[in-house]
Amino acid sequence: MLDSTNSTDQRLNSRVFRIMAATTVIAAGTSAFIAPWRVSFGLLVGGLLALFSHSWLKNSAAAAIRLSANGGAPEFRLAQFLLRYVVIAAVIFSAHTLDLISLPAVLVGMSSFVVAVFVEALREFYFAIKHREEIS
C-alpha cells in the first residue's frame, strides 16, 4: 500500500512540475510577442523560481521527514526552509536592482504553481465524473 501511495505522489508531483514548466514557457513565449522584454524576462525568472522552489520544497520536506523519523535536529529543517526564501528573495532583488525584470511579472510567473494546481483539480474532476457509477 505504501509503494502505491508513493508512486501516486511521485506521478502527481511530476504532473504538477510539468504543468508549471509548460505554463512558464507559454507565458514567457507569448509575452515575448506582446509585452516589453522586462515583462517577458520577469515571467521567465518568476516561473523558474517557482520550479526551483517546488523542487527544493519537495526535497527538503522529504529530508525533514527522514530527519524527524531518525530524531534529527529541527534547527536544520527550519534553516533549509528559510534558506529557500532567502535565495528566492536574493535573486529577485538582484534582478530588480539591475533593472532586468518587471516585479509584477515575476510575481505572476511565480504563480505557475497555482495554474498547475487548478489544472490538476480539473483533471481529477474530469476523471471523477467520467468514472462515476450510475445512480439507479
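Arg38 is partly exposed, with a relative accessible area of 32%; the term covers values between buried (under 20%) and exposed (over 50%), using a 1.4 Å probe and protein chains only. This is a predicted model, where local features need pLDDT of at least 70, side-chain atom pairs count only at pLDDT 80 or more, and totals for chains, interfaces and linings use all residues. Residues are numbered from 1 along each chain as its sequence is written, and side-chain values use heavy atoms, with hydrogens and water left out.

Arg38 forms a salt bridge with Asp99, that is, a side-chain nitrogen of Lys or Arg within 4 Å of a carboxyl oxygen of Asp or Glu. Arg38 lies in helix α2 and Asp99 in the loop between α3 (74-97) and α4 (103-110), so the pair ties together parts 61 residues apart in sequence. Helices are DSSP runs (H or I, at least four residues), numbered from the N terminus. Asp99 is partly exposed too, at 42%.

The count comes to four salt bridges. Among them are these:

| Pair | Closest N to O distance |
|---|---|
| Arg38 and Asp99 | 3.4 Å |
| Arg123 and Glu120 | 3.6 Å |

Glu120 is buried at 7% relative accessible area. Arg15 is buried at 16%. Arg123 is partly exposed at 29%. Arg123 and Glu120 sit three residues apart in helix α5, about one helical turn. Salt bridges link Arg15, Glu120, Arg123 and Glu124 in a network.

Trp37 lies in helix α2 (residues 37-70). At 48% relative accessibility, Trp37 is partly exposed.

Technical notes
Helices (H or I, at least four residues) and strands (E, at least two) are DSSP runs, numbered from the N terminus.
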